[in-house]
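Good morning, and thank you for joining.

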Amino acid sequence: MKSEKKNDEKSYTGIDYFRLAAALLIITIHTSPLAGFSETADFILTRIFARVAVPFFFVTSGFFLISRYNYQIGKLSAFVRKTAIIYGAAILLYIPVNLYNGYFKMENLLPNLIKDIVFDGTLYHLWYLPASILGGVIAWYLVKKLDYQKAFAVAAVLYLIGLFGDSYYGVIGSISVCSSFYALIFQVSDYTRNGIFFAPVFFVMGGFIADQREETAWKKLVCSHSEQECAAGSSKIDLLHENRILWNGIGMGLTLALMLAEGLTLHHFQVQRHDSMYVFLLPCVYFLFLLLLQFRGNRYVWLRDVSLIIYLIHPMMIVVIRLAAKLFHLQALLVDNSVIHFLAVTAASAAFSVAAVALWHRLGQKRKKHNTNTERAYMEISLENLAHNVAVLRSAMPSKCELMAVVKAEAYGHGMCEIAICLDKIGVRAFAAATIDEGIKLRRCGVRGEILILGFTAPERAGELRKYDLTQTLIDYDYACRLNEQGCKIKAHMKIDTGMHRLGFDSDLNIEEILRVFAMEHLCISGIYTHLCVADSLDEEDVCFTRQQIAGFYGVLKQLKKEGIRIPKIHIQSSYGLLNYPELKCSYVRAGVALYGVLSTPDAQTKLQLDLRPVLSLKAKVILLRFVSQGESVGYGRTFVTDRDSVIAILPIGYADGFPRSLSGRDSYVLINGSWAPIVGRICMDQLAVDVTDIAGVEVGMTATLIGTDGSETIDAPTVAYDSGSITNELLSRLGNRLGRIQ
Ligand SMILES: *Cc1c(COP(=O)(O)O)cnc(C)c1O
């Protein structure tokens, strides 16, 4: 996905450029360049076409801010804080103008001041900033709580209310209920083009476009890894892609023409109270934005700042130009000629903002970005490999079988939300978690589809199961009864114990009980499954046992069928179940460890051999090099004594980060500079030492690889796990949350 991400960046060029165009359009609104020639031409330019500018800015902010997956409220508060600071600065900047206007002499100063600060702006153009804050916050919560369709519906209703207080005011003006409703609104805000009625729909739109793009990009990537899987789907996507510029161009042109007709009609019949909002503004800005995303090239992020400053400063420049004109008796040229007036304001604003941005960048140069995630010890997650594994696993599964991604224990240490969000974008629609709290966390980060809780949930939490639409495993008869007694409708999968003797209904004994559970009023049983306990082994005896387990499970299904029960979704295999018994035809495969591209042990023999790629690498920075003379010891217990003068590198990672202490003294290595460096002495809680005497060129700040590839050498997780006396699953799931994480 790294290359994809770069491509993404490249496709923001159009947005960068249009920011500038939009800022200029806004200057036209406030300078009316064509007014000297034709009223109609000026109306068309400034009151119709230029109206795409502000919505474009909203969509752009929404594009980078809003997402159905946004679970980090920090992003929203950062946006609000930043916009508020800019707004505050702009208010201060314009106080002299306000003073000159007599702003502070108005009646009811305080209520008016509050109203202006929240909705209208303390100077005419500043309304955009509080509208961004309000619109961003409203859209954020709408998308979070309702997802796009409903969020868009709500935002569209708000927009509709806005329309009738703006361009369509004349239509409802005669209806008294309506006019008193709007009179109420206009007491609080001068216009309906504000943060409540105008902005949210465009923020939602921006978020929708961003999420949609990500999803398409991921799905294409998955398709590229597995031809048979989605050949049909991907060719459709490609076809769409080729014609995108054309279609979006047509859409944009068409809706712009319709908006022109709409605006002229409303203007003709004098319906408009204000002219910021049109029906066709919505599709027009949508197509415009999609079109802009098709332009590729270098990014010009500084254009963002330049256009923002132009936006903020141009009213000041209008004042400056007028003053200058007065001083030098150039009114006829600089003010009365509308085109030259516009050009002068534009030139002055552009010059000011380029100078300001250049100055700012010069001052800011010293503050180089520091990545706190990689300064110590961290895991590097390859979502591209995750997507690849999904494709590979899917193509190994029978056609109607779906992947149920097991993301319990922070997705085996990989970071549950990040992994699940990526899988959701890829189109995985079934997940398994161990606990209800994991399930809730998944919902909160925007995961759709089925979420099965594999373990025990206190029956008292039935309400939460329902609220978050989680599916609970029924672990035995008593449990099912207690859950049913809670009295709220719960989705459940019934677990059948076929020999693991951990959770589940005994497959031999209690078909009666199983039948009773199927009849329970408040349990909606949408699945039935079992878990194999030696599916990883190809020993004859183990295969025989597994076959018995499978037969036992199908035996239960047969009896249920006989009793007239409609069999719900079935699943048996986890990773090794799929790899060793790929012929089973189930509704789901519950893949955990294989999804992360590794097997449990280094010498695993499996019937299917798939090209799985490890998702996780573990790395740490060399923070210290020390020279230890021959015969000195290193670390606790003095277990390691140098047999020569040695160079020892200290890595800031230890067992508290999940790197097993039991690897101490076991002939284990890390990779530095593409070479093997032995771990020496005991692994501590927060540090470990490696011997780099034989490796040339090791320096402080270099990256050591504990799991993963460096140059031509690789240390794989199963080997590390095996050397530490465990299996990959345990090693990975213990990589605690103290590690940094990059992807
Ligand atoms: C953890 C778990 C899985 C996933 O197992 P892997 O071997 O990691 O694929 C599947 N089913 C159940 C019931 C589990 O507890």
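**The ligand and its surroundings**

Let me begin with Lys408: in its side chain, an N or O atom lies 2.7 Å from an oxygen atom of the ligand. Please keep in mind throughout that this is a predicted model. How much of the ligand does the protein bury? Taken alone, the ligand exposes 390 Å², and 89% of that is buried by the protein.

The shell consists of 14 residues, and the closest are Lys408, Tyr412, Ser575, Gly592 and Val593. By class, 5 of the shell residues are nonpolar, 5 are polar and 4 are charged. Which secondary structure elements each supply at least two residues of this shell? They are helix 19, spanning 408–412, and strand 10, spanning 588–591.

**Salt bridges**

I turn now to the charged pairs.

Lys441 forms a salt bridge with Glu410, with the closest N and O atoms 2.7 Å apart. Because Lys441 lies in helix 21 (residues 436–444) and Glu410 in helix 19, this pair ties together parts that are 31 residues apart in sequence. Lys441 has a relative accessible area of 37% and is partly exposed; Glu410, at 33%, also counts as partly exposed.

The second pair is Arg741 and Glu418, a salt bridge whose closest N and O atoms are 3.9 Å apart. Arg741 belongs to strand 21 (residues 740–742) and Glu418 to helix 20 (residues 416–426), so the pair ties together parts that are 323 residues apart in sequence. Are these two residues buried or exposed? Arg741 is buried, at 16% relative accessible area, whereas Glu418 is partly exposed, at 23%.

Lys115 counts as buried because its relative accessibility is 14%, under the 20% cut-off. Asp120 counts as buried as well, with 6% relative accessibility.

Finally, the network: salt bridges link Glu215, Lys219, Asp424, Arg429 and Arg448.

Thank you for your attention.

How values were computed. Residues are numbered from 1 along each chain as its sequence is written. This is a predicted model: local features need pLDDT of at least 70, side-chain atom pairs count only at pLDDT 80 or more; totals for chains, interfaces and linings use all residues. Side-chain values use heavy atoms; hydrogens and water are left out. A residue is near a molecule or strand if one of its heavy atoms lies within 4 Å of it. A polar contact is a pair of N or O atoms within 3.5 Å; within protein, one must be able to donate a hydrogen and the other to accept it, and residues adjacent in sequence count only if both atoms are side-chain atoms. Accessible areas come from the Shrake-Rupley method with a 1.4 Å probe; for residues, only the protein chains shown count as cover. Helices (H or I, at least four residues) and strands (E, at least two) are DSSP runs, numbered from the N terminus. Ala, Val, Leu, Ile, Met, Phe, Trp, Tyr, Cys and Pro count as nonpolar, Asp, Glu, Lys and Arg as charged, and the others, Gly among them, as polar. Buried means under 20% relative accessible area, exposed over 50%, partly exposed in between (1.4 Å probe, protein chains only). A salt bridge is a side-chain nitrogen of Lys or Arg within 4 Å of a carboxyl oxygen of Asp or Glu.
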